[in-house]
Amino acid sequence: MISSSPISTSLRPNPSSFLLRSPTRPVSRNGFLKFPRIWRASMRLATSPSIKEGVLSIEGRAALTSVPENVTLSSLVGSGSAAFLGAVADGEDCRHVFKLGVLQDHRLVCLFRFKIWWMIPRMGNSASVIPKETQMLLLEAREDKGALEQGPESSDDNVLYMLMLPVLDGSFRSSLQGNSSDELEFCIESGDPALRESKFLEAVFMNYGKNPFDLMKESMKLLEEHRGTFSVRSHKKKPGMLDYFGWCTWDAFYFDVNPQGIMDGLKSLSQGGTPPRFLIIDDGWQDTANEFQKEGEPSVEGSQYGARLVSVRENSKFRNINAAPDVEMKSLKDFITTIKNTFGLKYVYVWHALMGYWGGVHPEALETRKYESKIVYPLQSPGNLSHSRDLTMDCMEKYGVGMINPEKIFEFYDDYHSYLVSQKVDGVKVDVQNILETLGMGHGGRVSLTRRFQQALEKSISKNFQDNSIICCMGQNNDSVYSSKVSAITRVSDDYMPRNQSSQTLHIAAVAFNSIFFGEVVVPDWDMFYSLHYAAEFHAAARALGGCGIYISDKPNHHDFELLKKLVLSDGSILRAKYPGRPTRDCLFNDPVMDGKSLLKIWNLNECNGVIGIFNCQGAGTWPCLDSSGSTPSSEVINLTGRIQPSDIEYLEEVAGDNWTGHCAVYSYSAGTLSRLPKNDSWSVTLKVLQCQVFTVSPIKAYDQDVQFAPIGLIKMYNSGGAVEAINFSAYPRSRLIIKGRGTGLFGAYSSRRPESCNLNSRDKEFEFSAENNLLTLMIPLGIDSWEIEILF
């Protein structure tokens, strides 16, 4: 329900957002049915959080006990359920750790940085499991504490979800952590010894609600409105490359990327029927110098991170290129023009670090002196140092970073990006972003420095590129998240590591859980993968569910085209789902990697149906920073069984409409079978380690007394339902359905009766119908990229 409490002017949402549209009322656009997003007021509950007699309570339920007297609680005016936690210290300092209270007997999931660059999840029941550098904490608060042992099968009727987000408080940045006494703490730090304070009233945002996904979405919107320092995903322009298949050069060549190799890779992918329309030229193209690598001497591991940028131009590999006969290519511009014309590329991005290169910008190089860089040595916070060491960071601490004068940072980005635009580059992947948190000393602290660089970067992107064309990477600290007003894509995983067997399952699980947090601010990027690899299907299926861009990093002529054609249409586009792919509600508090029993389910929606995948991530690896002695070894994790039901897909009513029968057509991609199920019925799936299955779930609608119908889509694609864009029905002079969509291949749908005829783009089309399972199929031939199927009954 919507609270009747007043809302302050500064926080007042657009009045239209309070219109609770019926999930049963589709909107007609150009004759086709579109189902509007339903606004839910899950967080606008009756009472604000309160602290009384040392107990922090929500709706009468104790969230924290033994709350110290120096802890403050201030309600967010107008929200009804949101508040800020803070604390006051006896004296000023640049870093404080405050106790918030005892947290016990609540199932929880938290997201923490196990390295300076990357986040992973941790599950448990008390504060003692919450690591340092936690940036999101979600609790399950039940009325009956005994339900804790019952797990996800117990009733959700009495469940509230409580969210805690450590945020930026002025020039300070906060994170959560627990201690061995089950006390929840927050750490707040400036990153500059000269910047000291004692009072922090808005360090940790908290909120609660009945639906965890609504809770996260609405909380981020409240923070956006209250802080004004960042924008949520729905308010950002999405780059066009998200909807096209891409290829990244990194795992194909690493630092040895070269024009000939790029042309070979584009050629082999195009000839195989999966043409990339998006290319990332990753690290290895820039003009750098490295005083720590001497010609003729063996390289020291990590010394590549000491290299520094000496100009904004391409290096010699991309000048005077002899990669194509009869084509003169003297510059990066000539090369990009050639590959766009030859291979039909729509977007070419190039990689660069936030500070230009890993080792920054060279202070003495002729073309970079004007940026007034100085060699500085990163200083990590104690929270980062308590977790995994990182070779990259160790080397940057050893060799130093050529830090651009903050007064010159926009000039640098503008020079760089305007040059790239002159070379026909369409966008950039900007890496190593979290480095700023280690350089705040003498620059007003980490928050101020991050915001200054972020604003300059986004200003340059908006000025020089036409499509908000930036992918952010290695930027998973909340300094960056809450300073991002424009950037719409961020990598939310550690690197894809094809030779690391233990990381394959962790990669999928980490991205799914990280997307709970990041997915409200950006489109999560799942990173590249190899199509020809023992875990390729595992990665491919997850990305089909991820609502993300899809790009691989195959070596030339090393491709699995059968796999790729489950992701890529013949025109090089992909079937991208609507939202970030996230774990289903019953998976939120289970460890899908190390508890030896839980499978991971990931859900998403398309315009007219839903999609859900189930993955066995157990037994193949262990989470970093966690004792693995109690985990189940892979030799014992053979087959695991889980259950799926249509209602696992959140917001399915968005696409159901008022003529929903309450049943769904469920199509199994792997089995090729179609079933009809009530929305709350379930089916079982058994999987070995590194196995997965994907199901399209389409609400069956009654269009008249005789016709019940549900589109499945292109049934040879992982996300088959992404091909269906809209449906129109008319009853006169006879029952007629028109399905609008795109892509070639075998189209399938559930139909309660056999049609009399089918037309494809106004031409009669043969079809097949199985009375046994009510599966209607017809073939959409190559050359038809968009279509209308007319079905007459």
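This is a predicted model: local features need pLDDT of at least 70, side-chain atom pairs count only at pLDDT 80 or more; totals for chains, interfaces and linings use all residues.
Which backbone oxygen does the side chain of arginine 308 reach?

1. Residues are numbered from 1 along each chain as its sequence is written, and side-chain values use heavy atoms, with hydrogens and water left out.

2. The side chain of arginine 308 reaches the backbone oxygen of glycine 359, at 2.7 Å. Arginine 308 lies in strand 20, residues 308-314 (strands are DSSP runs of E, at least two residues, and helices runs of H or I, at least four, numbered from the N terminus).

3. Arginine 308 is buried (under 20% relative accessible area, 1.4 Å probe, protein chains only). It has no salt bridge (a side-chain nitrogen of Lys or Arg within 4 Å of a carboxyl oxygen of Asp or Glu). The nearest side chain of opposite charge is glutamate 291, 4.1 Å away.

4. Strand 35 covers residues 683-688. Trp683, Val685 and Leu687 form its covered face, while Ser684, Thr686 and Lys688 form the uncovered one. Strand 35 pairs with strand 32 (residues 639-644) in the antiparallel sense, over six bridges (pairing needs at least two DSSP bridges). Threonine 686 of strand 35 is the bridge partner of threonine 641.

5. The protein chain has 13 helices and 45 strands. Of its 793 residues, 62% are buried. Its C-alpha trace spans about 80 × 75 × 55 Å along the principal axes.

How values were computed
Buried means under 20% relative accessible area, exposed over 50%, partly exposed in between (1.4 Å probe, protein chains only). Lys and Arg count as positive and Asp and Glu as negative; His and the chain ends are not counted. A polar contact is a pair of N or O atoms within 3.5 Å; within protein, one must be able to donate a hydrogen and the other to accept it, and residues adjacent in sequence count only if both atoms are side-chain atoms.
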